[in-house]
Amino acid sequence: MTIDSWLKTAIADAERRGLPEMKAGLEALARAAQALRNADFNLRANGEPPPADDRTS
Amino acid sequence: MSPDIMTIETFGRRLRARETTCEQATEECLRRIEADNPRLNAFILVMADEARRQARELDRELASGHDRGPLHGVPISIKDLLDVRGVPTTAASRVRDGHVAARDAPAIAHLRQAGAVFVGKTNLHEFAFGTTNEDSAFGPARNPHDPERSPGGSSGGSGASLAAGMALASIGTDTGGSVRIPAAACGVVGLKPSFGEVSTDGVVPLSQTFDHVGPLALSVGDASLVYHALLGDAPTLPPVPMPLHGVRIAVPRAYFCDVLDDEVRARFDEALDRVRTAGVHVDEINIRHTALIAPVYLQIVLADAAAYHAPTLESMPEQYTPGVRSRLELGRYVLAEDYVRALAGREVLRREIDAALAQHDALMLPALPIPAPLIGATTVQIGRSSEPIRNVMLRLTQPFNITGHPAISIPAGTTASGLPCAVQLVGCGGQTDGLIKVALACEPALRGSRTAS
């Protein structure tokens with residue numbers, strides 16, 4: 001699942017559950033997930049390195 | 001901190017010289033609780049009758065020649081997250097209404113065996129899930145240095161009780177800094193031992209990946225005494241300080257000094273100058289992957305907490321304070337694949353800290369980037385930037401919950417308005433006693449030669 005599709009689904013679910021105030025927290029969680037997915041320690045099944053990301057240095 | 005507050009070591013000397021008794025020390029703490037707790041709200045439960053009974057019994061034991069060691073008769077407060085037999089463990093939440101602990105947590109049982117007197121259970125941020133102690137079913141605890149300000153959290157009542165002389169030590173828990181943050185905000189010492197050393201059984205969990213139990217105390221020596229009692233060790237004196245001229249300190253400025261209040265930065269630099277002048281070898285170093293600290297912490301702590309709270313989030317959501325409920329709900333959206341990446345990131349960060357310590361005895365950095373914040377504030381201005389209070393308060397302590405390295409917060413001066421600032425020393429993994437030896441050596445220089453007596 002991509003971060004964008006996860007975030008859209010999560011915000012919609014939180015609103016459905018009467019918790020719209022969670023939007024900012026979910027957006028922060030999405031940024032955290034993106035940082036982890038971009039990190040240089042991730043291994044790829046096809047052997048390629050992860051995208052270079054200077055935020056992990 | 002009031003100048004007439006005694007350390008455990010001073011109390012022990014006076015007790016064995018028959019200049020005081022366990023009962024007198026306990027009565028003095030109970031007197032301060034009665035006088036100041038209405039203003040500070042440090043305690044959820046005061047155990048006055050039980051404390052008096054314990055103290056009298058310990059006086060009788062000592063008179064008959066049974067000395068339990070350094071904690072004999074020492075009044076101690078306990079964060080209301082740890083089970084003490086026969087009384088509720090509220091976790092500062094209505095969710096736990098009606099709970100009464102059937103037995104002591106092992107760490108508490110060790111303290112009881114060591115002769116500690118339990119004066120009461122202290123206030124905290126609900127379920128230890130916050131840094132300010134504002135979200136508590138029992139109202140916010142307040143900072144003795146300025147009651148309009150937070151004592152830090154989540155063990156805020158512990159810090160306040162100690163700084164106000166309501167106990168000679170306190171037991172807290174630390175999942176992202178919850179011992180070290182209130183210690184820094186209240187001007188006392190806070191020790192987070194290495195991960196896994198002190199049992200967390202009988203302690204309401206926040207994140208079993210990051211939870212630690214540790215002492216808040218008035219000096220490094222006292223913290224050492226309480227730490228060893230928590231482990232259930234045979235009574236022992238604090239270790240001999242490391243010779244100052246042999247101490248090698250690493251200062252990682254990038255990330256760890258990037259977001260600091262101006263006065264906190266000034267006190268840190270002054271403390272660093274003092275330890276260097278005292279003979280400590282100081283190197284400036286760089287630690288890689290620091291940008292991963294917050295993402296790793298967030299994914300793991302949120303998911304761990306949500307796993308524990310999911311049933312009650314469904315059955316009694318209205319019993320949580322709104323802020324804590326929101327954070328707990330967030331964890332239910334963490335994807336397993338991101339949690340696994342965070343676990344991998346934790347290992348990367350652990351290796352980075354191990355590497356930073358390979359040639360050094362300790363890291364030195366500020367403990368809390370800001371002085372104690374005003375109660376009710378949600379953001380803080382640092383330079384030109386407005387930062388969320390919670391993120392800022394966790395920034396310098398959470399890395400060592402992720403990596404499990406032992407860390408200690410030591411007072412290091414005050415702001416112009418008298419609010420405490422603090423320095424953090426971080427030791428090698430699994431070597432809490434080694435960190436204590438370094439901290440004992442550096443404490444006078446860090447404090448600016450004023451040590452607790």
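At what angle do helix H9 (residues 262-277) of chain B and helix H15 (residues 432-447) of chain B pack, and how far apart are their axes? In this predicted model, the two helices pack at an angle of about 125°, and their axes are 8 Å apart. Because an angle over 145 degrees would be needed for a roughly antiparallel pair and 65 to 115 degrees for a roughly perpendicular one, H9(B) and H15(B) are oblique to each other. The crossing in which H9(B) passes H15(B) is right-handed. Ala271(B), Arg274(B) and Val275(B) of H9(B) make the contact with Cys442(B), Ala445(B) and Leu446(B) of H15(B), and by class this contact has 5 nonpolar residues, 1 charged residue and no polar ones.

The domain assignment divides chain B into domain 1 (8-231) and domain 2 (244-292 + 335-447), whose centres, taken over C-alpha atoms, are separated by 24 Å. To the contact between them, domain 1 of chain B contributes 40 residues and domain 2 of chain B contributes 35 residues. On the domain 1 side, helix H6 (180-186), strand S5 (189-192) and helix H7 (220-231) of chain B each supply at least two residues, with H6(B) giving the most, 6 residues. That side of domain 1 of chain B comprises 16 nonpolar, 16 polar and 8 charged residues.

Between the chains, 20 residues of chain A are in contact with 20 residues of chain B. The elements of chain A that give two or more residues to its side of this contact are helix H1 (3-16) and helix H2 (23-38), and H2(A) gives the most, with 8 residues. By class, the side of chain A that touches chain B has 13 nonpolar, 4 polar and 3 charged residues.

Terms used: Residues numbered from 1 in each chain as written. Chains lettered and ligands numbered in written order. Predicted model: local features only at pLDDT ≥ 70, side-chain atom pairs only at ≥ 80, totals over all residues. Contact = placed C-beta atoms within 7 Å. Helix = DSSP H or I, 4+ residues; strand = E, 2+ residues; numbered from the N terminus. Nonpolar A, V, L, I, M, F, W, Y, C, P; charged D, E, K, R; others polar. Axes fitted to C-alpha atoms, helices over the stretch in contact; angles between N-to-C directions. Parallel < 35°, antiparallel > 145°, perpendicular 65-115°, else oblique. Left-handed = near helix turned anticlockwise from the far one by under 90°. Domains from an automatic or database assignment.
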